[in-house]
Amino acid sequence: MADLQPIIQIDLLMEELETLAQISEADPPVVTRVVFSGADLRARIHVKELCREAGLSIREDAVGNTFIRWEGLEPSLAPVATGSHIDAIPNAGAYDGVVGVLGGLEAIRSLQRAGYQPRRPIELIVFTSEEPTRFGIGCLGSRMMGGVLTPDHAHTLHDKHGHSLEVLRTEAGFLGDLTSVMLAPGHFHAFVELHIEQGALLEREGLDIGAVTHIAAPASLKVEIEGEGGHAGAMLMPDRHDALCAASELILALEAAAKSTGTLDSVATVGICEVFPGAVNSVPSKVRLETDIRDTDGARRDSVIATMKSAADEISVRRGVQISFQTVNADPPATCNPIIVEAVEKAAATSGLSCRTLVSRAYHDSLFVARFAPVGMIFIPCRGGVSHRPDEYSSPEWIAGGVEVLARTLAFLAG
Ligand SMILES: [Zn+2]
């Protein structure tokens, strides 16, 4: 593929990114595009129009995942796929997800301009609701594609106004049985997602491209600690079973567990702490915590959880409190396919771009596509590592570099 030269029109792509950013529920430069909102539906129409102009065919599944296809010389072969999401959390920016969709389209067009003909079909996927804003669950579309979210569970999902996923997707025109969304292993020959880093590593090191080797995955556990409440003045210290003091010990035990694994890839956070009754002169009787524990290695992450739980056993005996855990989710991390990682590195070298391997600490649709296909991810720098904010920014040079590496990687994988 060394003689292939994708012809990238970066000015056109930057204009298209700008236009899509204006399809928003908020005033520019703020991008707010919650799944199945008017802005999301208008953005979908706009993207599909651009794809039709490039001569691509379009299929949508029952939950609105969109498959945009460049036919291959051998149409019966499993496609090589790329893509990302165009939904955006409230008060977001113009690049998260969108760079992987419009950049994916530009990668295809750059190969078309170069006269390249893929042996395998190349598909651009726009995943429904990567962001958890509306239904409280991230990567809705890819999760269903990977069979991680079952149709039965999907039927129970509602937004905060009580509107069900079932009604909203039907009103948006996505019909058919949700059981048809799941894809079998082998459906894609390979999947490569282009995405802004959402961290500052590449920019800090002055690098153009990150070849992602692992995608970390969160486990989320709710913790309930029940002690004994009482009057803050009258209840003597030796008699206390203070739920918040027990919770404090548990939080520090979790921090220590995540710090003791010997790698920076283990992280643990307690982001929510509710204290009952929550009065200044009342000993806390009950505490609810929510924890987020992530790692690129599933076994190591689970060992951090196990350490927290054994600390909880010890704390509960010593302090005379009850501690219970409820697992909200525990998705396994994904390892990127070494052939795809190498293809990305080679594509960067051929393009004259600097590149390093890194891990994705945020999760992406690729995490769930990994359930049924070999995956890889291409990261490009974003200014200051800033994301999910209106001032999110990636330069035309960075984006053009990412698109070129994606185009070369797709061409290599599609034969
Ligand atoms: Zn994203």
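His 364 is found in the loop between β16 (355-360) and α11 (365-369); helices (H or I, at least four residues) and strands (E, at least two) are DSSP runs, numbered from the N terminus. The model is predicted: local features need pLDDT of at least 70, side-chain atom pairs count only at pLDDT 80 or more, and totals for chains, interfaces and linings use all residues. Residues are numbered from 1 along each chain as its sequence is written, and side-chain values use heavy atoms, with hydrogens and water left out.

With a relative accessibility of 2%, His 364 counts as buried (under 20% relative accessible area, 1.4 Å probe, protein chains only). Leaving aside residues up to four places away in sequence, His 364 touches Glu 130, Cys 139, Glu 193, His 195, Gln 198, Ile 215, Met 377 and Phe 379, where contact means heavy atoms within 4.5 Å.

One of these, His 195, also coordinates the zinc ion through NE2, together with His 85 (NE2) and Asp 96 (OD), at 2.0 to 2.2 Å. Along the chain the donors follow the spacing H-x10-D-x98-H (donors are N, O and S atoms within 2.8 Å of the metal, or 3.2 Å for Na, K and Ca; water is not among the atoms, so sites may look incomplete). Asp 96, in the loop between β5 (88-92) and α3 (98-113), and His 195, in strand β7 (residues 190-196), are 99 residues apart. Asp 96 is buried at 8% relative accessibility, and His 195 is buried at 1%.

Elsewhere, helix α8 (residues 243-259) packs against helix α9 (residues 298-319) at about 150°, with axes 9 Å apart. Axes are lines fitted to C-alpha atoms, for helices over the stretch in contact, and angles run from 0 to 180 degrees between N-to-C directions. The two helices are therefore roughly antiparallel (over 145 degrees).

Methods: Parallel < 35°, antiparallel > 145°, perpendicular 65-115°, else oblique. Buried < 20%, exposed > 50% of the residue type's maximum accessible area, 1.4 Å probe, protein only.
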